[in-house]
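Reader: Could you walk me through this structure? Before we get to any details, tell me what you mean by the element names.

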Amino acid sequence: MEKNSQRSTSIIIGSSSGIGRALYELYREMKLPVVAVSRSTEWNTDGCVEALDLNEEDQVDEKLDSIFKRYHPVREVYLVSGTGDLESDFEPDIALRTIRLNVNGFTRAAYAASRYFESVQTGHLIGITSVAAVRGSGVARSYNASKAYQSRLLEGIRCHFLKLKLPVQITEVRPGFVDTAMMKGGDKAFWVSSAGKAANQIFRAVRRKQKTVYVTKRGRLVAWILSILPERFLG
Ligand SMILES: NC(=O)c1ccc[n+]([C@@H]2O[C@H](COP(=O)([O-])OP(=O)(O)OC[C@H]3O[C@@H](n4cnc5c(N)ncnc54)[C@H](OP(=O)(O)O)[C@@H]3O)[C@@H](O)[C@H]2O)c1
């Protein structure tokens, strides 16, 4: 692959709102080369944006391969896109919708980025999972399960690159509660942080090449509480 720029690019998949948008704005403020990837593109009028719906299974691989080729050299890929809803009954619609994006879409995007990084023998993949990855939940069953899947997938990709002795870094970001559309205007308690604060902490963790990071730091406390709670309190 020919290099088309001396400055390598960061790509943020899922950047039209929430944490992804805050990360994108942070890169723009710092004048670092960044490309936004999202379903909707009209929100971004002055930057670089590529349209991609991770649910369009027959197009995702090809589109991502071509995005990485176009913006080569790519230094970092953030996988931020995600969805989740509470499940009260056992109708499978919410679970299947969650799996489609958080498992199938996430896997396609993580594999496309890994293919690219393996071909150029360097890079940094950052996956936004959740504190929800640490336990099951009676009300967010498929969401928590999908986040546990993402967490293990990222670990597996890290193992792959370690075995190859390639300098490809994998960072798993586990947000606690961040004030975005996903929170659906819910709890604004002291452990809820702004998307901007989360983005700053994610950026610093990525620069330090951390393997796993909780954002904000209170997220670690939330994860610890989740890890010790008896199952009857996880309903
Ligand atoms: N907010 C929290 O408290 C919290 C806590 C833990 C983990 N997280 C995780 O953080 C990540 C970002 O969520 P958020 O809180 O920032 O919520 P958000 O504002 O709802 O962002 C969700 C992102 O996913 C993208 N997306 C949705 N469907 C997509 C699709 N089919 N293809 C590609 N992208 C799609 C959306 O962009 P488009 O609509 O433009 O496609 C949007 O940028 C998610 O993975 C979420 O699970 C959030």
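Author: Helices are DSSP runs of H or I with at least four residues, strands are runs of E with at least two, and both are numbered from the N terminus. Please also keep in mind that this is a predicted model.

Reader: Fine. Where does T216 lie, then?

Author: T216 lies in the loop between β9 and α6, the latter spanning 218-228.

Reader: And what about the peptide bond from V215 to T216, cis or trans?

Author: The peptide bond that joins V215 to T216 is cis, and its omega is near -15°. Another cis bond runs from H72 to P73, where omega is near 0°, and P73 is found in the loop between α2 (60-70) and β4 (74-79).

Reader: Let's switch to the ligand. How many residues surround it, and which are the closest?

Author: The ligand is surrounded by 30 residues, of which S16, R39, Y143, V178 and T180 are the closest. By class, this shell comprises 13 nonpolar, 14 polar and 3 charged residues.

Reader: Which elements each supply at least two residues of that shell?

Author: Those elements are α1 (18-29), α4 (141-164) and β7 (177-178).

Reader: How far is T180's polar side-chain atom from the ligand oxygen?

Author: A polar atom in the side chain of T180 lies 2.5 Å from an oxygen atom of the ligand. On the backbone side, a polar atom of I19 is 2.8 Å from a ligand oxygen, while a nitrogen atom of the ligand is 3.4 Å from an N or O atom in the side chain of N55.

Reader: How much of the ligand's accessible area does the protein cover?

Author: On its own the ligand has 880 Å² of accessible area, and the protein covers 92% of that.

Reader: New topic: what lines the second largest pocket?

Author: Its lining consists of Q201, R204, R208, Q210, T212, V213, Y214, V215, K217 and R220, and about 150 Å³ of space lies in this second largest pocket.

Reader: Which element gives the most to that lining?

Author: With 4 residues, β9 gives the most to the lining of the second largest pocket. Both α5 (195-207) and β9 (212-215) supply at least two residues each, and by class the lining divides into 3 nonpolar, 3 polar and 4 charged residues.

Reader: Q210 is in that list. Where is Q210 found?

Author: Q210 is found in the loop between α5 and β9. In space, the C-alpha atoms of Q210 and Q169 are 8.6 Å apart, although the two residues are 41 residues apart in sequence.

Reader: Why does Q210 count as partly exposed?

Author: Its relative accessible area is 23%, and partly exposed covers values between the limits of 20% for buried and 50% for exposed.

Reader: Last one, on backbone angles: is phi of K209 positive or negative?

Author: Phi of K209 is positive, near 55°, in a residue other than glycine, and K209 has its place in the loop between α5 and β9. K209 counts as partly exposed, because its relative accessibility is 49%.

Reader: What about K31, how is its phi?

Author: Phi of K31 is also a positive value near 55°, again in a residue other than glycine, and K31 sits in the loop between α1 and β2 (34-38). K31 counts as exposed, because its relative accessibility is 66% and the exposed class begins over 50%.

Note on methods:
Residues numbered from 1 in each chain as written. Predicted model: local features only at pLDDT ≥ 70, side-chain atom pairs only at ≥ 80, totals over all residues. Heavy atoms only, no water. Near = heavy atom within 4 Å. Polar contact = N/O pair within 3.5 Å; in protein donor to acceptor, adjacent residues only side chain to side chain. Areas by Shrake-Rupley, 256 points an atom, 1.4 Å probe, with all protein chains shown as cover. Nonpolar A, V, L, I, M, F, W, Y, C, P; charged D, E, K, R; others polar. 1 Å grid on protein atoms, 1.4 Å probe; cavity = no way out; pocket = protein on both sides within 12 Å on 5 of 7 lines; lining within 4 Å. Points joined across faces, edges and corners; volume = space filled by probe spheres on them. Buried < 20%, exposed > 50% of the residue type's maximum accessible area, 1.4 Å probe, protein only.
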